[in-house]
Every structure is written in structure tokens, then in C-alpha cells.
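Please read the following report alongside the sequence and the coordinates.

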Amino acid sequence: MASTIARPPVRRSLEQGAARRAVGRNLTAYGFLCGALICFAFFSWYPMIREIVLSFQQTNFVDPPQWVGLDNFRTVFADPAFRSAWLNTAAFSGLALVVGYVIPFVLAVVLNELRHAKAYLRFVVYLPVMLPPAVGVLLFKWFYDPGAGLFNQILDVFRIPPLAWLDSTSTALISLVIVSTWMNLGTGTLIYLAALQSIPGDLYESAELDGAGLFRRVWHVTVPQTKLILLVMLLLQIVATMQVFIEPYLLTGGGPENATVTVAYLMYQYAFNFGDFGGGGALGLMLMVVLIVFSAFYLRVSRDNEGGR
Amino acid sequence: MTTTLQPQPVLPATTPEPARSKPKKKAKGRGYETRTLVSPLSLRSWHGKLIYWTVLVVVVIGFTLAFVFPLYWMVTGALKSPDELAQIPPSFFPKEYDFGVYAEAWNQLQLGVFLRNTALYAGGAWLFTLAIDVTAAYALSKLRPLFGKLILGLMLATLMIPPMVLLLPTYLVAKDVPIFGFSLLNTPWAIWLPAAANGFFIFLLKRFFDSIPRELLEAAEIDGASPVRILWSIVLPVSRPILGVVSILSVVTVWKDFVWPLLVLPETDKMSISVGIASLSAQMPQNVLIASLVIASLPTILVFFLFQRSIMAGLTAGSLKG
């Protein structure tokens, strides 16, 4: 009897202790989290909302902003550069895929077979990635010089007539793709290389015993074994290349004749050259919708990739 | 916020092994090498050897031409006089080595100021990133507060939004911070604070902290250690590998960034090295500009030389080996 009376207070004090510890733990945790919460709130979460608001408002930063409905979208739709910007962005991404997606994979497959100079090759292929992008782009601007630029000199060695590179509507965009590919090739190559190293050797062994030649081994063993990482890199590269800004900004300023205007560059121009943040916001929102589709797909795939292993 | 176009190492890295494990010595000799596409047997015939060495030589020369030669051309181009630069055909070696152009670039472009600014931005961003993201990841991983999952989800959701599309609204925040109402433009804070809001770093760190055995922390807790003490004396020392990866990534990202500093640091005296050179490039003689490009690329190349292993680990120690 006495014991049943004595028990509750003990339990209550235990519960109180546990509750107090839980409160304390939560307080400490939020103390630790507050810096990150503030940074994320101001520089990630709020801008997402602001981006949507921005595209439906007209503001000059002096008077209170006005809701203008779809006016900003109408403005940018009516701009002749709008169509060029989307076409160029799509073309840039497409060309960057053709050049920049297959080459790293091929390089990685070849590198994986070599037994010598591996460290050197790995180092060298990643070197351009380490350059600040502005340096790489300005360096290529000099190489593209139609007069004494390196590229025309090389063409001259092979008796090929010089190209106008950045100054011609037909070659400007591909010139941007070349710079961008040169600067980013190393990332893909090294990621594929790491993926290739995890392919079990017996698969090649048995494929060879079954009489599969070199290319059939690549196609039926290497590619399926790296399928997920290939898909991940594909989506990643689309998202990265569709945000292209620094190349047109530093190399061509969108010219000649809008041949290299991209969506991100047009967005920048609207905001900082025309002072129209509403129009820029509208462009940004459109780009965001397109890219989120790819990003969401990417996150899904990369999570499957992780869970599957 | 980072606004580089270079694909970030978004491959979710697998938790690197906790510290203290020394790199194992590579097993050398025949039979230890893993089998790859081409069988070792076919490489032993003279025919196979010939093909192998041809491919090797072609690859080495090709890589050198594609990735090293442009840099050689840059370094030597800076040494050439403007006349020699315009000469057709170009000279392979500079006629005379005039290193004065580097001094000229340094003085004319105030590269010293730009480099110091960039070091300040990158260093501060590094400190803020570590202080803010490590504590946050630790709280989310080990203290597990109320709504912790929701907060983590919201932080990871930011990875889905490419930085470029939030450029304008984030700029507007920096220009006129809501609630507080002051401008961060032309102050280092405009670089430091957005740099710390990095969902990828939180993800990397939290994943690593998750792998630290609970018993280790509980033992310390029973001994009466406070959460701060546990973080400082137990979690941080075992997390050295991931801290290294995050440190280098954060410094290099800020150092290479172009668009964001272009917007938020418009004053010439506040510019980062990339933005400074780009904005003054039009007024420079060609050789001075090239010399400044060389100087601007030295720090990152040097970092790459020194921390190659960590950089590549951050890139490739991904979920690939799982």
C-alpha cells in the first residue's frame, strides 16, 4: 500500500526531468540552427517567394510596387529577343550535350584502361575546371580573335580559311559551347571514371568469353552498369547549361544580332540595363519552372541511385 | 548563394570513412589489378602492347594539347610585347622574357586590392559556412529538434532551384534586407551570408554526422558534457575528412563565382578578382590583360596542387561506390 502511494511522485519527477531535458535539447538545437535558419530564410526561402511576386509587379523602388497581372509576361513575350533567347538557350544546351556529354564518357572509358600517367591525365583534365570561369572565358576571347588569335592560326597551319568565331551569327553560339565545354569537361570525366572503377571485372570477363568484342562490351556492360550516373549527369548538365550567363556576358554581349542572347542574360539585361525588374522576374520565373522539372527529376533519380545500392 | 554555372559536385557523396584511417598502400604487382574493359591477357601480346602504347601516347599528347597548351599560351602570351602578340604567324616562344608586364598588370589593375578582397570574401565565407552549417547539421542530426525533418526538407528543397533564377530576388534582398532595412551591397556580408545558406553542405555534413555512432556521444553526455562540448571535442575531431571537403568546396566556389559578386559589389575597390579583371579588361593592353589572367588563375591552381585529393574526393567519392 505504501509503495503504491510512493510511486506516482517518483514517476512524475522522472517525467518532469525527461520533459525538461527535451525542452533543453530543443532550445539548444534551435540555438544551433538559428544562424542557418536566418541565412536560408533571407537568401533562399524568401527569394523564392519574392521571385514569384516580382514577376507580377511593376516597381521602381521608390513608390510602392503595383500589381500588374500578366503585363510583365506580355512585355517580354513581345520582345523579339525573347524568342531568340529561348532558342539560343535550347541550342546551347543541345550543342553542349552533343559535345560535352559524350566526350567525358569516352575519355573516362579510355582513361580507365590506361595503366600509366593516370595521375597526370586526371590532374590535367581537371585543370580548366579549377580556373575561375571569368579567366577561362577571357582567355578564349583572346584565342577567338579573328586576326592573330590562336584558333585562326591553328586553322591556318592546316590551310583552312579563318573563321570569324564570335563575330559571326553562324559561329558565335558554337564558340560559346566550346569554351563552356573546355571549362567543364573535367567534372564529368572524373565522375564517370569513379563510376567505371566500381564495375565488377567478371562482367567483362564473361562478356568476353561469350565472344563480345570491344564495342559490344562497352555497349552491353559499361553503359548499363553506369546507366544511372549517366542519367544523373544528363539532367545535371541540362540544368547547368540552361543557366548560361557568363559566356555571353563576357564574350559577345548577346550579339551579333541576338545570336547569343540567352534567357539568363536577357533576364540580367532587363533588370540591370533596362531597369525593369518585373520583366526580369517574369523571365526568371519561366526559367525556374522549366529547370525545376529537370531538377526534380534529377533529385528523384539520384535518390533512387542511392537507395538502389 | 552561388551563381557559378559550373556543375556543382551534386553527386551526394557517400559518407567518407571516419578519420584516423590511414590510406592503405596500393597492392602492386600482377594479379592485383582489377579487370577492366580490355583483358590483361590481350595486353601481353606484342600486338596488344603496340595498341596500348599508341593509345597512351595519343591520349597523353591530346590531353596536353587540349588542357595544358592553352595555359602555356597564356603564360607565354603575357611575356610577349603587343607587337609580337599581333604578329602572324605567332611565335611559339616569346622573343624576350619581360616579366615586367606582370608588375605592370599588378599595379595598373590594382590586382593586389582585388586579390585581397577575394581572399577576404572567400575566407569569411569559409568561416561562416563552417560555423553555420556545421552547427545546423549537428542539431539536425544528433539533437533532432521538433520540426527538424521539416527544416531539413526545406533546406534540401533549395537544391532544386537553380541559383541563376533567384538572382534578381536575392539581389533585391541584399540591396534592402527585409525587416532590417539596410543594404549589404558593397559589403563582404553580401557574399558571406548567402554563401552559408548552402543546402548541399548541410546535406553532406548531416550525412556524415549521422554515421557517427550514438554510443560515443551518449557516453560523453553521461559524463556531463554539454552539446557544445560534444560538438567541439568529439564530433568535430572525427569529422575532419568531411570538414576538409566542405572547406575547400566553399572557398573555391566563392573564389570562382562571378555573377553574384558582379551584382552586389559594384564599387571598383570592392570587386573580386574575376569581376575586377573582367570589368577593366576593355581598357587594358592585350599583354597586360593576359598577365592579369595568369595572376588570377594562380591561386586556384595552387589550391588544386595542394588539395587535389580532397577536391577530387568531394567530386567523386560520390554514391558511386556505395
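## Domains of chain B

Domain bounds, as used here, come from an automatic or database domain assignment. On that basis chain B of this predicted model is divided into domain 1, covering 41–98, and domain 2, covering 108–316. The centres of domain 1 and domain 2 of chain B, taken over C-alpha atoms, are separated by 35 Å.

The contact between the two draws 8 residues from domain 1 of chain B and 7 residues from domain 2 of chain B. On the side of domain 1 of chain B that touches domain 2 of chain B, the elements giving two or more residues are helix H2 (46–79) and helix H3 (82–86) of chain B, and H2(B) gives the most, with 4 residues. By class, that side of domain 1 of chain B comprises 5 nonpolar, 2 polar and 1 charged residues.

Helix H9 (residues 199–210) of chain B packs against helix H12 (residues 240–256) of chain B at an angle of about 175°, and their axes lie 10 Å apart. Angles over 145 degrees count as roughly antiparallel, and H9(B) and H12(B) are therefore roughly antiparallel to each other. H9(B) contributes B:Phe201, B:Leu204, B:Leu205 and B:Phe208 to the contact, while H12(B) contributes B:Ile242, B:Val245, B:Val246 and B:Ser250. Divided by class, the residues of this contact of H9(B) with H12(B) are 7 nonpolar, 1 polar and no charged.

Elsewhere in chain B, helix H14 (residues 273–280) is mostly covered, with 6 of its 8 residues buried. The buried residues in H14(B) are B:Ile273, B:Ser274, B:Val275, B:Gly276, B:Ile277 and B:Ala278.

## Contact between the chains

How many residues of chain B are in contact with chain A? In the model, 89 residues of chain B are in contact with 91 residues of chain A. The side of chain B that touches chain A divides into 66 nonpolar, 19 polar and 4 charged residues.

## Confidence in chain A

Chain A has a mean pLDDT of 85, and 94% of its residues reach 70 or more. Among the elements of chain A, helix H1 (residues 2–55) has the lowest mean pLDDT, at 80, whereas helix H6 (residues 133–143) of chain A has the highest, at 92.

Where pLDDT is low, the predicted coordinates should not be read in detail.

Definitions and conventions
Residues numbered from 1 in each chain as written. Chains lettered and ligands numbered in written order. Predicted model: local features only at pLDDT ≥ 70, side-chain atom pairs only at ≥ 80, totals over all residues. Nonpolar A, V, L, I, M, F, W, Y, C, P; charged D, E, K, R; others polar. pLDDT = per-residue confidence, 0-100. Axes fitted to C-alpha atoms, helices over the stretch in contact; angles between N-to-C directions. Parallel < 35°, antiparallel > 145°, perpendicular 65-115°, else oblique. Buried ≥ 20, exposed ≤ 12 C-beta atoms within 10 Å, placed from the backbone.
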